[in-house]
Amino acid sequence: MAQEIEHTQLSVRGLSLHVAQVGKDELGTVVFLHGFPEIWYSWRHQMQAVAAAGYRAIAPDSRGYGLSGQPPEHEEPSWEDLVADVLAILDALDIPKAFVVGKDFGAMPAYDFALRHPGRTRAVACLGIPFSSVPFDFAGTMPEGFYPLRWRQPGRAEADFGRYDIRRVVRTIYVLFSGSEVPVAEQGQETMDLADGSAPLPEWFTEEDLDVYAALYENSGFGFPIRMPYGSLDKMATQLDARFEVPVLMVMGENDYVMKLPGFEAAVRGGMMAGFAPDLKVAFVPEGSHFVQEQFPAQVNELLLGFLKDHP
């Protein structure tokens, strides 16, 4: 039987951060960091699985997302803030050490937290995005219509999204990002034009799931979520001498369009990550998309629980 997920607002670093949690911490705590257009709810399957196995699961809405507070408009988003938020959550909940799990842009603060705070990290697992020692720079390597290049332009995504209601925006992005092809708009076309409202949702993502996402983004809007990550990719830290002192798990869906981005295949399959992470395990989920943890929860849960149990 699924345990009831509890919801808390934590006052940390001048913001009220929404935290969903479940489980008793018999074997440790697992902190889940979401991506875009995701939210704490994106980890619902993994939270229940680790809780049933004896862990405490904690999944915050990232600052500016869902039920978490909005940073001041004049404040520039920073990756350092995301790392500091994780540390502040652990401190507020009196958790000395945790497993950290990140997905999509949530992988970046997960990796960075493990690098900066190895004494507070039992191990780190990331889905969909390999570790990069330099900022992601798609200019010159990807077409102009590639969505991160479009969405980093001030006002471009806001105008694109603003033509539709929030539910339609989340629906369209889930349809696009669950495919195996890189979403690229043509000249005279915006990203939201790449899928119309009649496009079916992935079979593993229900209308009820979409309702939850829409309600949470109705609260936060897309203003800050566009700025972090898309307006901040060039602000990622350069860490050429990075070396992980904790075990690292990298999980990729075999059909994740991210694998077609320049350098990503080499990072995942070519051994580049191993140069930074001596204790590295890379796992692939056949047929898995960018939302592999929602698409194939049983397989991802098995990989994750195996990793946790291997590093007690």
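This report describes the annotated domain, the nonpolar core, the aromatic contacts and the salt bridges of a predicted model.

Residues are numbered from 1 along each chain as its sequence is written, and side-chain values use heavy atoms, with hydrogens and water left out. Because the model is predicted, local features need pLDDT of at least 70 and side-chain atom pairs count only at pLDDT 80 or more, while totals for chains, interfaces and linings use all residues.

**Domain and secondary structure**

The unreviewed UniProt entry carries the annotation "domain: AB hydrolase-1" for residues 29-259. UniProt positions are given in the numbering used here, feature names are shortened, and annotations may be inferred rather than shown by experiment. Helices (H or I, at least four residues) and strands (E, at least two) are DSSP runs, numbered from the N terminus.

**Nonpolar core**

A nonpolar core is a set of buried Ala, Val, Leu, Ile, Met, Phe, Trp, Tyr and Cys residues joined through side-chain atoms within 4.5 Å. Buried stands for under 20% relative accessible area, exposed for over 50%, and partly exposed for in between (1.4 Å probe, protein chains only). The largest such core has 114 residues, and those with the most contacts inside it are Phe 32, Phe 36, Met 47, Trp 151, Phe 161 and Phe 244. Helix 2 (residues 79-92) gives the most to this core, with 8 residues.

Met 47 belongs to helix 1 (residues 44-52), where Arg 44, Gln 46, Met 47, Ala 49, Val 50 and Ala 51 are buried. The cover over the buried residues of helix 1 includes strand 2 (15-22), strand 3 (29-33), strand 4 (56-60), helix 7 (207-220), helix 10 (292-295) and helix 11 (297-310). Just after helix 1, Gly 54 has a positive phi of about 110°.

Glu 294 lies in helix 10 and counts as buried at 2% relative accessibility. Neighbours within four places in sequence aside, Glu 294 is in contact with Glu 38, Ser 42, Arg 44, His 45, Tyr 174, Trp 204, Phe 205 and Tyr 213.

**Aromatic contacts**

Rings of Phe, Tyr and Trp (its six-membered ring) pair if their centres lie within 6.5 Å; planes under 30 degrees apart count as stacked, over 60 as edge-to-face and the rest as tilted. The structure holds 37 aromatic pairs. One of them joins Phe 146 and Tyr 147, edge-to-face at 5.1 Å centre to centre and 65° between the planes. Phe 146 and Tyr 147 are both buried. In Trp 151 and Phe 161 the ring centres are 5.2 Å apart and the planes stand at 80°, so this pair is edge-to-face. Trp 151 lies in helix 4 (residues 147-151) and Phe 161 in helix 5 (residues 156-161), so the pair ties together parts 10 residues apart in sequence. Trp 151 is buried at 2% relative accessibility, and Phe 161 is buried with a relative accessible area of 4%.

A charge sits over a ring if NZ of Lys or CZ of Arg is within 6 Å of the ring centre and within 35 degrees of the ring normal. Arg 168 lies over the face of Tyr 164, 4.2 Å from the ring centre. The charged end of Arg 269 is over the ring of Phe 284, at 4.2 Å from its centre.

**Salt bridges**

A salt bridge is a side-chain nitrogen of Lys or Arg within 4 Å of a carboxyl oxygen of Asp or Glu. The whole structure has 23 salt bridges, including the following.

| Pair | N to O distance |
|---|---|
| Asp 85 and Arg 63 | 2.7 Å |
| Arg 156 and Glu 190 | 3.0 Å |
| Asp 211 and Arg 167 | 2.9 Å |

Asp 85 lies in helix 2 and Arg 63 in the loop between strand 4 and helix 2, so their bridge ties together parts 22 residues apart in sequence. Both Asp 85 and Arg 63 are buried.

Arg 156 is in helix 5 and Glu 190 in the loop between helix 6 (166-177) and helix 7, so this pair ties together parts 34 residues apart in sequence. Arg 156 is partly exposed, at a relative accessible area of 22%, and Glu 190 is partly exposed, with a relative accessible area of 22%.

Asp 211 lies in helix 7 and Arg 167 in helix 6, so the parts tied together are 44 residues apart in sequence. Asp 211 is partly exposed at 38% relative accessibility, and Arg 167 is partly exposed at 27%. Salt bridges that share partners also join Arg 13, Arg 63, Glu 75, Asp 81 and Asp 85 into one network.

Key
Contact = heavy atoms within 4.5 Å.
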